[in-house]
Every structure is written in C-alpha cells, then in structure tokens.
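Let's walk through this structure together, step by step. Keep the sequence at hand as you read, and look up each residue as it comes along.

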Amino acid sequence: MQVFPHSRHRLCIWHLIKNAVSRFGALKRDTTFKDAFNKCLTGCVTEEEFEHCWTNMITTYKLENNRWFKRLYSLKEKWCAALSKDFFSVGILSSQRSESANNVVGFKANKITSLTDFFKIFKQTVTRWRNNESDADFKCSNSKPTSNLPFYGMIKHATEVYTHTIFRYFETEFEFSIGCVTNLHYQTQSYFFYEVKLENNEASKQKVTYNMADNNIAYSCKNFEEVGWLCYHCIRVLQHHSFTKIPDRYIIMRWTKYAKAHVWIRRDEESANERIPIKYIPWRQIMARKGYNLILKCQQHPETKNLIESEFKKLYILADEIRNRLEKEEEDAASQESESMQQNNTTATTETEEQIPTVMDPERENTKGRSKRIKGHFEKGKQGNKKKTKAMTTKGDTREFGIITPIQNPKLF
C-alpha cells in the first residue's frame, strides 16, 4: 500500500471457486445451490442485490453457522464483483493475465529447460505479442470494423474513435440498447430520472439519471467506471435524447486509436515543462509521428483533408523561403570570414617581414695559389684510389680510347 496507495487487493475468482467446491460437502451435487453461489460471486450488479442473494442462499441452505462461509463473507470486498464497480478494473476478476503468460511460456518449457533456452522461448513469445500488437495497430489505422448495424450515429462515431476490439464490446451494448424499454419516472428542472430494462427481463432493470445542462449521466450499474465504455442502459437514454455521438467525457483515451499518440504527447509536454530534451529520439522521427497522428485524425472528413493540404503548401513555401534566406546569410558570413582571414594573414606576413632582419652573404676574396685547407680522410681516400687506377692502366690488358694494348708477357697464357 505504500508503493500503490490507491490499489485494491483482490482474490482470484477462479481459485476461489476451485477451493469452494471442496467446502460444499453434500451441496456439491446441488445445481441450484451452485447457481446461487455463482450469482453472488459475479452475477450481482448492485450491493443491495448481492446482500439479498447472499441472505437467501445462507437461509435456504442453512449455512448460518458454517465457518468457511462466514469468513468468506467477511472478505466480500475482495471477491464480490458488485462491490468492485466503483474503480477501474477492466472487468478482470482473476489472475488470468499471469496465468495466460505462464501457459504460453510453459507450453514450450519444462523442468529440464536450461536458462538459455528459456530466455529464447520468452523472447520469441514477446516478439509474437508485439507483432500481433503492431498488426492490430495497422488494422485500426487503415481500416474500419465490419458490423451488421448501419454506420450511423453513435455506431459510426465508435468506429472512428475505438479500436476494433473495444468496438465489438460497444457494439454488443448498442444491440442490447435497441431492445430496451425506457420509463420516465419524473423530471425536475434539467434532471430526468429513468428506469431502463430489457424487454420482459426485470433483473436487468437499472436507474439512470440524465442532466441536460451538462450532458452528464448517473447510473446504478457503474459499467463505465469499471470497464471504460457505456452500458446499454446509458446508450438507450442518450438515444432517447437524440445523441448522434458519444460524449467526450465517456471516451477513455486508452481504448481509442490515438492512445499511443496521447502517451507521446504527454511525454513531450512533460519534457517541455521540465526543459529536458529527449536525446534518444531524432527530431525527424518525432515530427513524422506527429504528422501521422494528425493525418489519422483528419482523414475521415474532406474539409480537414483540404485544410491540411492547403496549410502544408503554405508551410512548404514559407519553410523554403526561410531556408534560402538562412543559407544566403551563412554564405555571406562565410565569405566575410574568409576575406577577413586573408587580410589578417597579409598583415601578419608584412609585420613578420619587417621584424626579421635581412642576412647578406659575406664579401668574397680572390686568393692566389692553392688553398691551405687540410684535406680530410674522405678526400685522401679518393686521391689514393685515383693513383691505383692509373697504375693498373700501365700494366696488363687495358682498353684506352677503344685500342687494345698487347700483353707484355704472353707466355703466361
């Protein structure tokens, strides 16, 4: 309760029914008792109805002194569906989400599965779920659900705002509203008090109050607070007052086609308020998402489509003009910067030449005779080699100016 202070701890209905069977004893074979017990669990709509059904069941089958049923009644807020309609629970009465996940993963894994294999199975399962979600998003944004009802009024509006899955739930409620009977009890100022029920079905009777001043509806079944869409009692009253669209206050954003876009808009607003830019998302991706969401909202009406096209042309021309002006300013600034750099370089060169003194060669003197410089080892070696070469040319077979000199001692050959 410290981490989630507004949460409610509930008991799983499936496990409760499974454990209850072992507590029934001789009543286990009584189908009438089972029907009464199941109605107390999930069949009651209001708290008064639940109390009435529970009292009748306990009295009829003489369970006043049964310890298990007494303890079960003391925990009624944790399992009774009629007592959990004042908060949003999407109608979930059991731990079916975790059970379904365990079933999907456990179908391929067993007790000898290694951790690496389990991770591969889990990754494949998550990938399949995400692919299914992407396919559902694509179908919602590019197609409309089919229906046996004509697409007029609230049904048409529901196809435009709800996802395909939620539209099926709303369609079912709308079909029930067609067979409802509406009785106006009394009216005071802008308030209308109705009793709505299905024809020849007293158990479905519910009280509905409609306020014409602010188009607000109060109802005893509290279906909207629990699951997030209107029940057939409220739809019938809205039809009675000629509503062709679902009021905005009775459309939860999480059930619409724009739920993900709303999350991104809220994140953008939070980052703008905190002045923290989102660094991991490129700007072009953010603008592409915003443009797609705008097109998705406006594609149903020709007026909005024409407005987007005309404004897009204006923005394109304006953005092109601003871009050309900025590019020209950047070119002018770059040329001025290059000119100033050249001028600075010329000035710096002139100043350097003035600062560095000119060094002239020394005057040369004409000397007579040979130089008195002492020759080095390298030069002496060259002179010795020349003497050896000259000595070799005076003996043996040598070539001098292309003439072969005869050998002095031919007997050696």
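A salt bridge is a side-chain nitrogen of Lys or Arg within 4 Å of a carboxyl oxygen of Asp or Glu. This is a predicted model, in which local features need pLDDT of at least 70 and side-chain atom pairs count only at pLDDT 80 or more, while totals for chains, interfaces and linings use all residues. Residues are numbered from 1 along each chain as its sequence is written, and side-chain values use heavy atoms, with hydrogens and water left out.

Let's begin with the overall picture. The chain holds 14 helices and six strands; helices (H or I, at least four residues) and strands (E, at least two) are DSSP runs, numbered from the N terminus. Of its 413 residues, 26% count as buried. Here buried means under 20% relative accessible area, exposed means over 50%, and partly exposed lies in between (1.4 Å probe, protein chains only).

Now for the charged pairs. How many salt bridges are there? The count comes to 11. In one of them, arginine 168 meets glutamate 171, with 3.0 Å from N to O. These two residues are separated by about one helical turn, because they sit three residues apart in helix H8 (residues 164-178). Arginine 168 is partly exposed, with a relative accessible area of 34%, whereas glutamate 171 is buried at 8%.

Another salt bridge joins glutamate 195 and lysine 205, whose closest N and O atoms are 3.8 Å apart. This pair links distant parts of the chain: glutamate 195 is in strand S2 and lysine 205 in the loop between S2 and S3, 10 residues apart. Glutamate 195 is buried, with a relative accessible area of 16%, while lysine 205 is partly exposed at 34%.

Further along, helix H13 (residues 302-355) carries both glutamate 329 and arginine 325, four residues apart, about one turn of the helix. Their closest N and O atoms are 3.4 Å apart, in a salt bridge. Glutamate 329 is partly exposed at 42% relative accessible area, and arginine 325 is partly exposed at 43%. Salt bridges that share partners also join Glu195, Lys197, Glu202 and Lys205 into one network.

Next, look at the rings. A pair of aromatic rings is described by the distance of the centres and the angle of the planes. Rings of Phe, Tyr and Trp (its six-membered ring) pair if their centres lie within 6.5 Å; planes under 30 degrees apart count as stacked, over 60 as edge-to-face and the rest as tilted. A search of the whole structure finds 26 aromatic pairs. One of them is edge-to-face: phenylalanine 50 and tryptophan 79, at 5.8 Å centre to centre with 75 degrees between the planes. Phenylalanine 50 lies in helix H3 (residues 47-60) and tryptophan 79 in the loop between H4 and H5, so the pair ties together parts that are 29 residues apart in sequence. Both phenylalanine 50 and tryptophan 79 are buried.

A tilted pair is made by phenylalanine 192 and tyrosine 210, with 6.3 Å between centres and 35 degrees between planes. What does this pair tie together? Phenylalanine 192 is in strand S2 (residues 191-198) and tyrosine 210 in strand S3 (residues 206-211), so the pair connects parts 18 residues apart in sequence. Phenylalanine 192 counts as buried at 9% relative accessibility, and tyrosine 210 is buried with a relative accessible area of 2%.
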